[in-house]
Amino acid sequence: MPYPARRLRRLRTTGAMRELATEVRLSVKDLVCPVFVREGGGTSGVGSMPGTRVMSEDSVCDEVQEIADLGIPGVMLFGIPSAKDAAGSSAAGGVVQRAISSIREVFGDGMVVMADVCLCQYTDSGHCGIVRDGRIDNDESTRALAAIAASHAEAGVDTVSPSAMMDGQVAAIRAELDERGFRDVSIMSHSAKHRSGMYAPFRDAASCAPSFGDRSTYQVPYSNPREAMQELEEDVAEGVDIVMVKPALAYLDIIHEARRRLGVPVAAYSVSGEYAMVRAAADAGYLDGDAATMEILTSIRRAGAGIIVTYMAKQAAGLLR
Ligand code: PBG
Ligand code: ZN
């Protein structure tokens, strides 16, 4: 039934009608807010991510309280240790584990506590794995990641989120968790984590830039969508609970394909550079930051992500109430 009988503008006539005709709705319950916690020292801002803070250990629960008060159901913890070494040994016991325990103590089951599982903030190389003879040793790294995940489970985490892009990291973590009796701890893997120029502000916040080379021997090239799907399918085969695509905005095709092809929940990580781009443009007066934020997050939802990890979470939650 073509025009003039069909008039699509009929469903756009009033605000109430547009509400009723809305197809995809972003909810605050879809959001997970990243939280940075630093060992020693106080709370500080992040230059390249205005509006984002690195919390001291004593104030991490204040940040989580703010997030909880906004109705956001989950946090993703990133630790910034005071010391680094070749093995990244502070990753398996330190600032993040203490933060997990204190958040669990204060919030009980009222907040989903997720924690990043990686080595890059903790290794002196700044790489996501253990370096042997100038290369990242995959299997030694997955063993280390499994031990870190178990230490998070010990501290009371709900979900571990490996981001190292080592082959077999999900299987190694699942086996370790099960063997140690943590059968109910879930894994949300950074399954298709692309080598991206949009992580720069995060590396600034977490001081985890690689000291040599880059992450191209482990992160997925943005030119290879089939390879990204293989990564996602591999994680499903290894027993992942939630797959994640990262970054989000430049990868909506991958999110959509994952939603279509896989039977597990799909998350998207809208990364630091995505936040910084919108924030910088808004602060310069080039666009309306609130409008851009809602449009971007809804587009990620529309592409098929049921969970969105985003630095825009608090701002969006404020707009959604
Ligand atoms: C490291 C890690 C990175 C991010 C999350 N975990 C950065 C990287 O791979 O260099 C990026 C997050 C962001 O940019 O918001 N494992
Ligand atoms: Zn890493």
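**Salt bridges in a predicted model**

Visitor: In which helix do R261 and E257 both lie?

Guide: In this predicted model, R261 and E257 are 4 residues apart, about one turn of the helix. Their side chains form a salt bridge, with the closest N and O atoms 2.8 Å apart. The helix that holds both residues is α8.

Visitor: Is R260 buried, partly exposed or exposed?

Guide: The cut-off for exposed is over 50% relative accessible area. R260 has a relative accessible area of 59%, whereas R261 has 43% and is partly exposed. E257, with 22%, is also partly exposed. R260 therefore counts as exposed.

Visitor: How many residues apart are R301 and D30?

Guide: The side chains of R301 and D30 meet in a salt bridge of 3.0 Å, N to O. This pair links distant parts of the chain: R301 is in helix α10 (residues 289-303), and D30 is in the loop between α1 (15-20) and β1 (31-38).

Visitor: Is D30 buried or exposed?

Guide: Buried means under 20% relative accessible area. R301 is partly exposed at 25%, but D30 has a relative accessible area of 11%. D30 is therefore buried.

Visitor: How many salt bridges does a search of the whole structure find?

Guide: Salt bridges also link R53, E63, E66 and K314 in a network. For the whole structure, the number of salt bridges found is 19.

Terms used
Residues are numbered from 1 along each chain as its sequence is written. Chains are lettered from A and ligands numbered from 1 in the order in which they are written. This is a predicted model: local features need pLDDT of at least 70, side-chain atom pairs count only at pLDDT 80 or more; totals for chains, interfaces and linings use all residues. Side-chain values use heavy atoms; hydrogens and water are left out. A salt bridge is a side-chain nitrogen of Lys or Arg within 4 Å of a carboxyl oxygen of Asp or Glu. Helices (H or I, at least four residues) and strands (E, at least two) are DSSP runs, numbered from the N terminus. Buried means under 20% relative accessible area, exposed over 50%, partly exposed in between (1.4 Å probe, protein chains only).
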